[in-house]
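Subject: Structure handover

Hello,

Here is the structure I promised to pass on. Please open it alongside this message; my notes follow below.

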Amino acid sequence: MAFTPAQVALLDANRELVECRRLFHVAFASASYRLIEGSTPDTLGGVTWQPAHDWVQAAAIESGGPLEAVPAIYRIGKNPLPLLLAALDNRAEWWGRPIQQYLQLYSGGVPVGPMVSMHRGRIRDVKKVQTAELEYLEIRAESPLDIRNMTPLGEYTDRDQQRRSAGDRGCEFAPSLVGKVIIGWLRG
């Protein structure tokens with residue numbers, strides 16, 4: 001659905017009053033959350049979006065090349081969803097579950113036009129991050145292209161390898177080869 005000429009004219013006429021709000025839809029296995037930036041709920045397209053109270057943050061979405069899997073990083077701080085806290089120990093609750101980010105334009109507090117989809121992905125990692133000043137949960141969502149056997153984030157850490165192939169010990173074995181002479185079929 002596109003913006004109508006009347007909606008474009010309204011936004012253009014009120015350009016100093018145009019507000020953008022991001023919306024987040026997360027569908028865990030046992031519950032679904034629809035959150036909107038700010039502290040007031042809103043109903044868009046017959047669906048009620050609950051206020052996120054500034055505790056959901058999304059990193060800037062990178063534009064990747066053709067067929068490139070680019071992840072989106074979400075931070076849940078201050079008041080994490082109770083289900084998300086419980087999900088840390090239950091991978092089946094979050095692994096591969098859809099998460100979507102939208103953008104809605106407002107003029108004078110009234111939504112104008114359709115929600116614009118900014119990112120659509122599947123949750124691939126949930127981890128708790130703690131520093132001396134901060135504590136939050138970080139969600140990494142991969143785009144649909146990550147299933148094309150591309151390495152998420154281009155990393156080959158032991159943790160990532162264990163998630164892709166449980167029981168694989170290559171990341172533990174490779175460092176032990178430093179300084180050794182390899183003979184046999186591996187020689188170049």
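How many helices and strands are there in the protein? The count is 5 helices and 9 strands. Please bear in mind that this is a predicted model.

**Overall layout**

Along the sequence, the elements come in the pattern α-β-β-β-β-β-β-α-α-β-β-β-α-α. The protein has 188 residues, and 34% of them count as buried. It exposes about 11700 Å². Carbon and sulfur atoms supply 55% of that area. Among contacts with a separation of 6 or more, 54% come from residues 24 or more positions apart.

**The sheet**

What is the order of the strands in the sheet? It reads β3-β4-β2-β1-β7-β8-β9-β6-β5. The sheet is open, has 9 strands and shows mixed pairing. β3 and β5 are the edge strands, each pairing on one side only. From one strand to the next, the twist averages 35°.

Helix α1, residues 5-13, packs on this sheet. The helix touches β1, β7 and β8, and its direction makes about 80° with that of β8.

Now some individual pairings:

- β2 (residues 32-36) and β4 (residues 47-51) run parallel, joined by 2 bridges. Here Ile 36 stands opposite Pro 51 in β4.
- β3 (residues 42-44) and β4 run antiparallel, with 3 bridges. Asp 42 stands opposite Trp 49 in β4.
- β7 (residues 98-107) and β8 run antiparallel, with 9 bridges. Leu 105 stands opposite Val 112 in β8.

β3 and β4 form a hairpin, with 2 residues between the strands. Look at Gly 45 there: this residue takes a positive phi near 60°.

**The cores**

Which residues have the most contacts inside the largest nonpolar core? They are Val 56, Tyr 74, Ile 76, Ile 99, Ile 123 and Ile 139, in a core of 18 residues. At least two residues of this core come from each of β1 (18-27), β5 (56-58), β6 (72-77), β8 (110-130) and β9 (135-142).

Leaving aside residues up to four places away in sequence, Ile 99 touches His 25, Val 26, Tyr 74, His 119, Arg 120, Gly 121, Ile 123, Ile 139 and Ala 141.

Another core, of 6 residues, lies apart from the largest one. Its members include Leu 23, Ile 36, Leu 44 and Tyr 102. Ile 36 is the residue that stands opposite Pro 51 in β4.

**The start of the chain**

Phe 3 is found in the segment before α1. Is Phe 3 buried, exposed or partly exposed? Its relative accessible area is 30%, so Phe 3 counts as partly exposed. The cut-offs that matter here are under 20% for buried and over 50% for exposed.

What does Phe 3 touch, not counting residues up to four places away in sequence? The list is Val 8, Leu 11, Leu 105, Val 112, Gly 113, Pro 114 and Val 116. Phe 3 and Pro 114 are 111 residues apart in sequence, yet 6.8 Å apart in space, C-alpha to C-alpha.

Best wishes

Definitions and conventions: Residues are numbered from 1 along each chain as its sequence is written. This is a predicted model: local features need pLDDT of at least 70, side-chain atom pairs count only at pLDDT 80 or more; totals for chains, interfaces and linings use all residues. Side-chain values use heavy atoms; hydrogens and water are left out. Two strands pair if DSSP finds at least two bridges between them. Helices (H or I, at least four residues) and strands (E, at least two) are DSSP runs, numbered from the N terminus. A nonpolar core is a set of buried Ala, Val, Leu, Ile, Met, Phe, Trp, Tyr and Cys residues joined through side-chain atoms within 4.5 Å. Buried means under 20% relative accessible area, exposed over 50%, partly exposed in between (1.4 Å probe, protein chains only). Contact means heavy atoms within 4.5 Å. Accessible areas come from the Shrake-Rupley method with a 1.4 Å probe; for residues, only the protein chains shown count as cover. Axes are lines fitted to C-alpha atoms, for helices over the stretch in contact, and angles run from 0 to 180 degrees between N-to-C directions.
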